[in-house]
Amino acid sequence: FGHGLSYAEFGVACSATPKPSNKTIIDCEVTVSQDSAFPSGEEVLMAFHRLPLSVKADATHPTPIKELVAFERVHVSPKGSVSLSIGPNQLGMVDQDGNRVLPPGDHVIEVTNGNNFAQNFTVTVNDLGDGPIVLDTVPAMPVG
């Protein structure tokens, strides 16, 4: 013990399900398999985001290789599940003007426990023709 090991066996299923009502882009569901001796367990899930390669290539400023966008310590009962949601702000990046934007392209999400499993999946943000979607702007500096 002390190495992130558990008697419980975890499986991860992730889907990119748009939910316009609450602006959640991704739902990840974690399930634990039934084990007769140790029927429940705890796990720490981490979700990392990698920007589309085209965005990284076109950026005029440094961008992270990958960024931790969500994490959760979960206790899962036998045949139970918990959800980890990721919204548009977590997939955004800061542009050269300091504004938080959601660039179009294929964003890669990696869900992992940091130990023995990782699952990658892609979320496509469509290009609306106006460039990146502005999520948040930096207030203008006062003059004078």
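## An exposed glycine

Gly129 counts as exposed, with a relative accessibility of 61%; in this report buried means under 20% relative accessible area, exposed means over 50%, and partly exposed covers what is in between, as calculated with a 1.4 Å probe on protein chains only. The structure is a predicted model, in which local features need pLDDT of at least 70 and side-chain atom pairs count only at pLDDT 80 or more, while totals for chains, interfaces and linings use all residues. Residues are numbered from 1 along each chain as its sequence is written, and side-chain values use heavy atoms, with hydrogens and water left out.

Gly129 belongs to the loop that runs between β9 (118-125) and β10, where helices (H or I, at least four residues) and strands (E, at least two) are DSSP runs numbered from the N terminus. Although Gly129 and Pro104 are 25 residues apart in sequence, their C-alpha atoms are 9.5 Å apart in space.

## The chain as a whole

The chain has 144 residues, of which 34% count as buried.

How many salt bridges does the structure hold? There are two salt bridges, a salt bridge being a side-chain nitrogen of Lys or Arg within 4 Å of a carboxyl oxygen of Asp or Glu. One of them is formed by the side chains of Arg50 and Glu110, with an N to O distance of 3.5 Å. Because Arg50 lies in strand β3 (residues 41-50) and Glu110 in strand β8 (residues 105-112), this pair ties together parts of the chain that are 60 residues apart in sequence.

Lys66 is partly exposed, with a relative accessible area of 39%. Through shared partners, the salt bridges join Arg50, Lys66 and Glu110 into one network.

## Lys66 and the ring of Phe48

Lys66 has a further contact to consider, as its charged end sits over the ring of Phe48, 4.7 Å from the centre of that ring. The criterion for a charge over a ring is that NZ of Lys or CZ of Arg is within 6 Å of the ring centre and within 35 degrees of the ring normal.

## Other positions along the chain

Strand β8, which carries Glu110, also includes Asp106. Asp106 is partly exposed, with a relative accessible area of 44%, and its C-alpha atom is separated by 5.7 Å from that of Val123, a residue 17 positions away along the chain.

Is Gly87 buried or exposed? At 12% relative accessibility, Gly87 counts as buried, and its place is in the loop between β5 (81-86) and α2 (88-91). Gly87 and Ala70 are 17 residues apart in sequence, and the distance between them in space is 9.7 Å, taken from C-alpha to C-alpha.

Thr137 lies in the segment that comes after β10 (133-136). Thr137 is exposed, with a relative accessible area of 52%, and a distance of 9.6 Å separates the C-alpha atoms of Thr137 and Val94, which are 43 residues apart along the chain.
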